[in-house]
Amino acid sequence: MQPNIVKEDIIYGDSPKLHGLIAYDPTKKEKVPGVIVVHEGFGQGDYSKNRAVQLAELGYVGFAADMYGEGKNCCTIEEVMTCVADCLKSFDTYVERFKLAVETIKKNEHCDPNNIAAIGYCYGGFIVLNVIKVGVELKGVASFHGQLKPIVKAEKGKVKAKALVCNGEADPAFPKELIEAFKKEFDDAEIDYKFINYPDAKHSFTNPEADEVAERLKMTEVAGYNEKADRESWLELQNFLKDIFKN
């Protein structure tokens with residue numbers, strides 16, 4: 001980590017309290033764009049927080065947001081599925097939690113409130129791809145191995161945000177039919193997006209701890225780290241952020 005990057009643990013919202021981490025470079029004299037990071041299905045942890053710090057190192061305000069509340073972490077697939085099911089059942093509640101994250105990052109004195117984007121991993125990708133469909137105003141969103149099944153259907157002309165979707169071609173949870181349905185939805189809604197399928201990349205391909213977790217959960221056929229895809233998708237994100245914030 002660059003020595004000038006400040007990391008602040010913050011608690012925001014109410015009922016439940018949400019536990020986030022905000023990272024920024026205090027030496028920058030001008031306000032800079034903000035990027036929200038939404039965690040994987042296992043919950044808020046070092047991975048999403050480290051991504052927020054990496055974003056700060058790139059010159060943005062990075063904010064690792066908490067979608068579960070109380071900084072909750074899941075240890076088993078069953079716990080993850082319970083949290084995801086609650087999200088599907090009460091998506092409006094999770095939209096409000098996401099809006100709280102937007103409000104929180106905008107209040108940071110180093111953040112330009114007119115230039116906000118969001119990225120998400122796995123569950124987080126699922127979230128960011130859907131909040132733009134319900135009117136949350138962002139410059140853009142990026143999903144990494146995020147679920148493509150819609151919670152809400154995109155409406156033509158309603159979504160102004162651009163989207164970057166980085167998917168693992170070897171992830172069995174994303175068959176060709178699902179990918180084609182996703183593309184059709186976004187094409188029909190006239191959303192400006194880029195979809196990239198990374199060869200030999202499984203689920204969670206950006207997370208260096210994915211191999212260990214997959215081994216523990218007996219999911220090595222489904223998930224695993226792919227250094228090449230991780231590196232290339234991070235470069236894609238950097239280019240994407242430069243593009244959406246260029247004005």
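Helices (H or I, at least four residues) and strands (E, at least two) are DSSP runs, numbered from the N terminus. This is a predicted model, in which local features need pLDDT of at least 70 and side-chain atom pairs count only at pLDDT 80 or more, while totals for chains, interfaces and linings use all residues. Residues are numbered from 1 along each chain as its sequence is written, and side-chain values use heavy atoms, with hydrogens and water left out.

- Eight strands form an open sheet in the order 1-2-4-3-5-6-7-8, with mixed pairing; two strands pair if DSSP finds at least two bridges between them.
- Strand 1 (6-12) and strand 8 (193-198) are at the edges with a single partner strand each, so one side of each has no neighbour in the sheet.
- On average, neighbouring strands of this sheet are turned by 20 degrees against each other, direction ignored; axes are lines fitted to C-alpha atoms, for helices over the stretch in contact, and angles run from 0 to 180 degrees between N-to-C directions.
- Strand 2 (residues 18-24) and strand 4 (residues 61-65) run antiparallel and are joined by three bridges.
- In strand 4, Ala64 is the residue opposite Leu21.

**Helices on the sheet**
- Helix 3 (residues 91-107) packs on the sheet and touches strand 1, strand 2, strand 3 (32-38), strand 4 and strand 5 (111-121), contact meaning heavy atoms within 4.5 Å.
- The direction of helix 3 makes about 150 degrees with that of strand 3.
- Helix 5 (residues 176-188) lies across strand 7 (162-168) and strand 8, at about 165 degrees to strand 8.

**Pockets**
- A pocket is an open set of points on a 1 Å grid over the protein atoms alone, where a 1.4 Å probe fits, with protein on both sides within 12 Å along at least five of seven lines; lining residues have an atom within 4 Å of a point.
- The largest pocket has a volume of about 1000 Å³, a volume being the space filled by probe spheres set on the points, which are joined across faces, edges and corners.
- The largest pocket is lined by 37 residues, and those closest to its centre are Glu40, Gly41, Phe42, Val80 and Cys122.
- Helix 1 (46-57), helix 2 (77-89), helix 4 (123-131) and helix 6 (210-216) each give two or more residues to this lining.

**Backbone details**
- Ser15 and Pro16 are joined by a cis peptide bond with omega of about 5 degrees, and Pro16 lies in the loop between strand 1 and strand 2.
- Glu190, in the loop between helix 5 and strand 8, has a positive phi of about 60 degrees although it is not a glycine.
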